[in-house]
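Visitor: I would like to learn how to read a structure like this one, feature by feature. Could you walk me through it?

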Amino acid sequence: MVCLQSVISFIVAQQYHFINASLTWYEAQSFCRVKYSDLATVNSMGDNNQLVHTLGSHVTHSWIGLLRGKTGRWMWSDGRGAAHFTKWQDDEPNNSGGNEWCAETSPTGSWNDVQCEEGTGFACYDLQQDGKQRYVFYLARGSWESSQELCRRDHIDLAYVSTEGNHSEIAKQTEKFSKSMWIGLFNDAWMWSDGRQTSFRYWLRGSHHRGDCASVAVSQQGRWGEANCNEKAPFVCHGGLKERKIIIRMTVRSDVDLTDSTLNDALLEKLEMGLRQRKMTDFNLSWRSDNSGRVFRRREDAEKKEDMS
């Protein structure tokens, strides 16, 4: 028997503050950390809409808290962060040519990294009333970005795949149509100033490779662009984030390997589905790990730790 703990954060609202003073990205970061919490982090389209509302009629670009890092990670388009469950082909991802930043599911069901500008079909996802994912497949050829745009407009986002069941459902369709399809997996080295792991992005098409810091502009429908970090521009801070954390302790009987991160993700997704069935939508659910990174501990170890505290 093992014991695990998770933390549920119910986020009431992200509070943004527009500062109409021209500073470099690093100067703006220092200002926000002193006066508020940090430069603005954007977790979702809802946050981005709130950010645009905060900017009002200000149309020139304003710094947000996104900075290019050195190491890319495969992450999900809908903001869930890094991918733990994967189904790469042998010798993939290989970043052939140095510009393969997007993932597709091949007709055999395995994944391949390819150039994001290539044209192929794609899979979007919705959430049903029971909280389960429902995939919608498009055979029309499009780039990864144009496919993402359509999915976000008509559904939730490009397909998120976290379990064998999810993978099998999409693989059946790619095999049926003998066609590769985009999923919501992309390679990204950008990092949020406050350390959050959200992978939501809202780039303006064609804005890449212009700098290592990100900005947002109302004149571009709130989309983000890359810019030189030493440019001086207004900026947006965030602070006063209101949240209530509820600690839930769960006891699980299992003979499977509970150190498997894929299993942890699947269990977390089940919990999220249960909460959404109860009409809870504005929350962030995550496992609480110990200092060694373990999510699960034997019950006697957990009880011993409690006695010592």
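Visitor: Is Trp111 buried or exposed?

Guide: Trp111 is buried in this predicted model, because its relative accessible area is 1% and the cut-off for buried is under 20%. Trp76 falls in that class too, with a relative accessible area of 3%.

Visitor: How do I read a pair of aromatic rings?

Guide: You describe such a pair by the distance of the centres and the angle of the planes. Searching the whole structure gives 15 aromatic pairs. Trp76 and Trp111 make one that is edge-to-face, at 6.1 Å centre to centre and with 90° between the planes. This pair links distant parts of the chain, as Trp76 sits in strand 4 and Trp111 in strand 7, 35 residues apart.

Visitor: Which residues do ring pairs link into a cluster?

Guide: The cluster consists of Trp74, Trp76, Phe85, Trp88, Trp111 and Tyr160.

Visitor: And what about the rings of Trp190 and Trp203?

Guide: Their centres are 4.9 Å apart and their planes meet at 55°, so this pair is tilted. Trp190 belongs to strand 11 and Trp203 to the loop between strand 11 and strand 12, so the pair ties together parts that are 13 residues apart in sequence. Trp190 counts as buried at 5% relative accessibility, and Trp203 is buried at 11%.

Visitor: Let us turn to strands. With which strands does strand 4 pair?

Guide: Look for bridges between neighbouring strands. Strand 4 covers residues 62–76 and runs antiparallel to strand 12 (residues 213–216), with three bridges joining them. Here Trp63 stands opposite Ser215. With strand 11 (residues 181–192), strand 4 pairs in the antiparallel sense over seven bridges, and Leu66 has Trp192 as its bridge partner there. Strand 5 (residues 81–82) is another antiparallel partner, over two bridges. In that pairing, Trp76, the residue from the edge-to-face pair, has Gly81 as its bridge partner.

Visitor: What lies between strand 4 and strand 5?

Guide: Four residues, and the two strands form a hairpin. Within the turn, Gly79 has a positive phi of about 100°.

Visitor: Next, disulfides. What is the general idea, and how many are there?

Guide: A disulfide is a covalent bond between the sulfur atoms of two cysteines. The count here comes to four. Take Cys102 and Cys116, joined with an S to S distance of 2.0 Å. The link is right-handed, with 95° about the S-S bond. Cys102 lies in strand 6 and Cys116 in the loop between strand 7 and strand 8, so the pair ties together parts that are 14 residues apart in sequence. Both Cys102 and Cys116 are buried.

Visitor: Which handedness does the link of Cys124 and Cys151 have?

Guide: That link is left-handed, at -70° about the S-S bond. Cys124 is in strand 8 and Cys151 in helix 3, so this pair connects parts that are 27 residues apart in sequence. The S to S distance is 1.9 Å, and both cysteines, Cys124 and Cys151, are buried.

Guide: Then there is the disulfide from Cys213 to Cys229, at 2.0 Å from S to S. With 100° about the S-S bond, this link is right-handed. It links distant parts of the chain, with Cys213 in strand 12 and Cys229 in the loop between strand 13 and strand 14, 16 residues apart.

Visitor: What pattern do the disulfides follow?

Guide: Counting bonded cysteines along the chain, the pattern is 1-8, 2-3, 4-5, 6-7.

Visitor: What does the side chain of Asn48 reach?

Guide: The side chain of Asn48 reaches the backbone oxygen of Gly222 at 3.1 Å. Asn48 is in helix 2 and counts as buried at 0% relative accessibility.

Visitor: Finally, what is the mean pLDDT of the protein chain?

Guide: The mean is 84, and 74% of the residues reach 70 or more. Over residues 4–12 the pLDDT is below 50, though this stretch has 54 contacts in the model beyond near neighbours in sequence.

Technical notes
Residues numbered from 1 in each chain as written. Predicted model: local features only at pLDDT ≥ 70, side-chain atom pairs only at ≥ 80, totals over all residues. Heavy atoms only, no water. Pairing = 2+ DSSP bridges. pLDDT = per-residue confidence, 0-100. Contact = heavy atoms within 4.5 Å. Disulfide = S-S within 2.5 Å. Buried < 20%, exposed > 50% of the residue type's maximum accessible area, 1.4 Å probe, protein only. Polar contact = N/O pair within 3.5 Å; in protein donor to acceptor, adjacent residues only side chain to side chain. Phe/Tyr/Trp six-rings, centres within 6.5 Å; stacked < 30°, edge-to-face > 60°.
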